[in-house]
Amino acid sequence: MAEQIQGIRGMGDVLPGITPVWQSVEGVLQQTMQAYAYQEIRIPIVERTELFERSIGEVTDIVEKEMYSFADRNGESITLRPEATAGIVRAGISHGLLHNQKQKLWCAGPMFRYEKPQRGRYRQFHQFDVEALGYEGPDIDAELIMMSARIWSELKLDSVELQLNSLGTPQSREKYRDALTGYFSSHEDALDEDSRQRLHRNPMRILDSKNPEMEPVIQQAPKINEYLDSASADHFKVLQQLLGEAGIQFTVNSRLVRGLDYYTRTVFEWVTDRLGSQGAVCSGGRYDGLVEHLGGKSTPAIGWAIGMERLVELFELSGHADVGNERHVYIVAVGDEAARTAFRIAETLRSEYTDLCVEMNSGGGSFKSQFKRADRSGAALALILGEEEVKSDLIGLKPLREEGDQQQIALADLNTAIDEFLQSSTNPS
Ligand code: ATP
Ligand code: MG
């Protein structure tokens, strides 16, 4: 036998046993986008490396350590997208979508980061991303957060909590930066290698450190809320009022700085304690300077991204993820003549019923072996055809998930029987 070829570390397959759970989460996400009038945008998986360097910031985990960058055949440096915002902004600018107009957008797909693979942290993972471009807020900040809260409630998740902070403007952040640099310089002994390197280049990144040994020194650091400019403080106050009126609970976490350089004012994270140490399910924030920084006209904007692997796992753990399909029938057909008739019936049913899964037994087999497959398929009802049925224009029916005898009916009555079955299984008495 030839040697097996392994997949790439940290890049998982989503197997058929779990794709129905993904699909039901994706269904809820798309419905929610529809309900808030957000439109889908699709962007390439690769972009020029420069796009991410300039937008995410050179002194960040992503740009320093996590990007999949390589030279294409022409020698140009390109990068597998580590996140979607930069690409969406690039597309918005180059297609004039931000010219005298605003955009409410969503985007979904795989992202790539060269991280240490572990539960909830992969090298290829998927994000569901929302961006509102051209809106100053804070009403839109509240809308985005309410939208995510609606997703949790549609999925019946009650274990996520909202953490909120404001990073102010780049100007107000200057003063905070100085204060932080002063503080961390006087505690340089307590800093790890990474943080020491960031001390003078980007001290706020130290607050985002994932090293538990850094925690005590980070705890005592100056807090950003004492340095907010008054317009940002007002913005933050109104956002908190709007969330309060919408009944959304939150905690203000002044250590929350987020891993990307482009954030201004509002930043937030939905976190859970059910997923081990990778507890952030959805993160986002305002990035009022990014569009201009990437060569567009100054445009305020805000967005968030859900980590799909984490959300799907949380949904599974919640016990509400059971996605058994009642509208699934399995056709058992024994003998050549019966198989031909079954094909015809299956096609007719697929034309007549939208949203009905009609599974044909493929590859023949005895009644016994076909029934075994029918049971395993998860179908709710078996339709049975043998030589005898075909001769007399009959068809057999047998419920697969609950007790019930096989009954034989005239083929002409099949639709009525299926209607009744679907009716009774959607309204169990
Ligand atoms: P973390 O602090 O966990 O590294 P981050 O700040 O890098 O997260 P973002 O860039 O804001 O995360 O991405 C948004 C969301 O995408 C996160 O909240 C998380 O749910 C998910 N996510 C980020 N990186 C990964 C990864 N490597 N594997 C799986 N999900 C991820
Ligand atoms: Mg990260």
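Start by selecting ligand 1: of the 17 residues around it, the nearest are Arg 113, Glu 115, Arg 258, Ala 280 and Ser 283 (a residue is near a molecule or strand if one of its heavy atoms lies within 4 Å of it). The model is predicted, so local features need pLDDT of at least 70 and side-chain atom pairs pLDDT 80 or more, while totals for chains, interfaces and linings use all residues. Residues are numbered from 1 along each chain as its sequence is written, chains are lettered from A and ligands numbered from 1 in the order written, and side-chain values use heavy atoms, without hydrogens and water.

**Ligand contacts**

Next, show the polar contacts (pairs of N or O atoms within 3.5 Å; within protein, one must be able to donate a hydrogen and the other to accept it, and residues adjacent in sequence count only if both atoms are side-chain atoms). An N or O atom in the side chain of Glu 115 is 2.7 Å from a nitrogen atom of ligand 1. At Arg 121, a polar side-chain atom lies 2.9 Å from an oxygen atom of the ligand. Gly 307 places a backbone N or O atom 3.4 Å from an oxygen atom of ligand 1. On its own, ligand 1 has 580 Å² of accessible area, of which the protein covers 92% (Shrake-Rupley method, 1.4 Å probe; for residues, only the protein chains shown count as cover).

Now colour the strands (E, DSSP runs of at least two residues; helices are H or I runs of at least four, and both are numbered from the N terminus). E6 (124–133), E10 (280–286) and E11 (301–307) each supply at least two residues of the shell. E10 gives the most, with four residues.

**Strand E5**

Select residues 103–112. Eight of the ten residues of strand E5 are buried, so the strand is largely enclosed by the rest of the structure (buried means under 20% relative accessible area, exposed over 50%, partly exposed in between; 1.4 Å probe, protein chains only). E5 pairs with E6 in the antiparallel sense over ten bridges (strands pair if DSSP finds at least two bridges between them). Gln 103 has Leu 133 in E6 as its bridge partner. With E1 (residues 39–40), E5 pairs in the parallel sense over two bridges, and Glu 40 is bridged to Trp 106.

**Loops**

Go to Pro 138, in the loop between E6 and helix H5 (139–154). A cis peptide bond joins Gly 137 to Pro 138, with omega about 5 degrees.

Finish at Ala 37, in the loop between helix H1 (19–35) and E1. Ala 37 is not a glycine, yet its phi is positive, about 65 degrees.
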